[in-house]
Amino acid sequence: MIDITYGAAPSSKTAVALGYFDGLHQGHMEVIGAALSQKELRPCVFTFNCDTTLPKFQSPEDIISFEDKCELLEKIGVEYIFAPDFAEVHKLSAEEFVRYILKEKINAAYACCGRNFRFGLGGHGTPERLREIGSRYGITLEIVEDICLDGELISSTHIRRLIQQGEIEAANRLLGYELRFRLPVVHGNMIARTMDYPTINQIIPKTNVVPRFGVYSSRVFIGEQEYRGITNIGIRPTVTDSGETVMETHILGYSGELYGERIAVSLCGFLRPERKFKDLEELKTQIFKDIKKAQKQEEK
C-alpha cells in the first residue's frame, strides 16, 4: 500500500473510502468494500493518522493503532492511503476539501462514505453536500448505510463500551478481528520471575481504549511465531500502583528477552476481574488457575 499523503497523486483514477475508521470494524469494512468493488478504479482510503494528530483533535480511546490500521487495509487490497493530521484539513471549506483533497491529491472518480460522515470547516459538510460538490468535479458518491449484527448496530461507541466492560468476545465479533495492542516491552519489577511466571510488560497509551481491568486469555505474536498467553490489564494492586495502565502477559511456552521490542498481543476472552491478593503465594496459585482456565477456553 502506498502512502500518498505528502506525495504525488496517483496517475490512475481512484475509488476512495472516506472516514476516520477509528475501529476499522465491520461497519467500516462495508464502506471500504464499496471502494474495493470499483474494479475499474484503484482503491484508496482517506482517513486520519491518529498517532500524529494534535491532542486537542485526537479521538479519545482509539480502538486500533495507525500501524495496525494500515496493515489491515493492505491485507484486504487497498492500494493507496491518504492520512493527514486532522489539524491540516479541518479548516478547509467543503468545496476546498473536494477540490484540493479528493480531486487534486487523490485523483478520485468515485467516493463512498457512511451516512454520518462529515467534512469541511466545522464538520458542516454532509454526504448529500459531498455528492452535490463532487458531481461538479466528476466524482460519483455512494452513501453506505450502517449495518447490524445480531440485531445490534455496529458502531465504534458500542464497541468501546463492550471493551470497557470486559466483553471482549462480543467486541471482537463486531470488529471482525481480535482487539490487538502492539506496544514496546518495558522493564517491570521482575517479581513475576520469582513465581516462575515471567511476563512482558507494556504500557497502554492514554489515547487508547482501556479494557476492563482483569485477566484475559491472549495471543502473542513474536516474529513469525504465535503463542498463547494470559494477560493482566490494570495497575497491579498486589505488587505496586504506579498509576499507569499496565498490560502484563505471561507467554506460554516461550523463554527469552523481549525488552525494547514492539510485540503484538491480541485479547481473546475475559477470565476474571483484577483483584488484590494477600501475598505472592496466593497470586502464584491464581495464575496457575488462570492458565488452566485459558487453556479450557481455547479448547472450546
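## Overall composition

Helices, of at least four residues, and strands, of at least two, are taken here as DSSP runs numbered from the N terminus. On that basis the chain of this predicted model contains 9 helices and 14 strands.

The chain has 300 residues, and 50% of them count as buried. Among contacts with a separation of 6 or more, 74% come from residues 24 or more positions apart.

Six strands form an open sheet with parallel pairing, in the order 1-4-3-2-5-6. At its edges lie strand 1 (2-3) and strand 6 (140-144), each of which pairs on one side only. In general, the strands of a sheet pair through backbone hydrogen bonds.

Within this sheet, strand 3 (residues 42-46) and strand 4 (residues 80-82) run parallel and are joined by 3 bridges. Opposite Y80 of strand 4 stands C44.

## Helices lying across the sheet

Helix 1 (residues 26-36) lies across strand 2 (14-18), strand 3, strand 5 (108-114) and strand 6. The direction of helix 1 is at about 160° to strand 5.

Helix 5 (residues 127-136) lies across strand 2, strand 5 and strand 6, and runs at about 165° to strand 6.

## Helix 4 against helix 5

Helix 5 also packs with a neighbouring helix: the axes of helix 4 (residues 94-105) and helix 5 come within 10 Å and cross at roughly 50°. Helix 4 is therefore oblique to helix 5. The crossing of the two is right-handed.

On the helix 4 side, the contact is made by A94, E95, V98 and L102, while helix 5 contributes R129, L130, I133, G134 and R136. Sorted by class, this contact of helix 4 with helix 5 comprises 5 nonpolar, 1 polar and 3 charged residues.

## Helix 6 against helix 7

Helix 6 (residues 156-164) and helix 7 (residues 168-175) pack with their axes 8 Å apart, at an angle of about 155°. Because angles over 145 degrees count as roughly antiparallel, helix 6 and helix 7 are assigned to that class. Their crossing is left-handed.

From helix 6, H158, I159, L162 and I163 meet I168, A170, A171, L174 and L175 of helix 7. By class, the contact between helix 6 and helix 7 has 8 nonpolar residues and 1 polar residue, with no charged residues.

Conventions. Residues are numbered from 1 along each chain as its sequence is written. This is a predicted model: local features need pLDDT of at least 70, side-chain atom pairs count only at pLDDT 80 or more; totals for chains, interfaces and linings use all residues. Side-chain values use heavy atoms; hydrogens and water are left out. Axes are lines fitted to C-alpha atoms, for helices over the stretch in contact, and angles run from 0 to 180 degrees between N-to-C directions. Angles under 35 degrees count as roughly parallel, over 145 as roughly antiparallel, 65 to 115 as roughly perpendicular and the rest as oblique. A crossing is left-handed if the near helix is turned anticlockwise from the far one by less than a right angle, and right-handed if clockwise. Contact means heavy atoms within 4.5 Å. Ala, Val, Leu, Ile, Met, Phe, Trp, Tyr, Cys and Pro count as nonpolar, Asp, Glu, Lys and Arg as charged, and the others, Gly among them, as polar. Two strands pair if DSSP finds at least two bridges between them. Buried means under 20% relative accessible area, exposed over 50%, partly exposed in between (1.4 Å probe, protein chains only).
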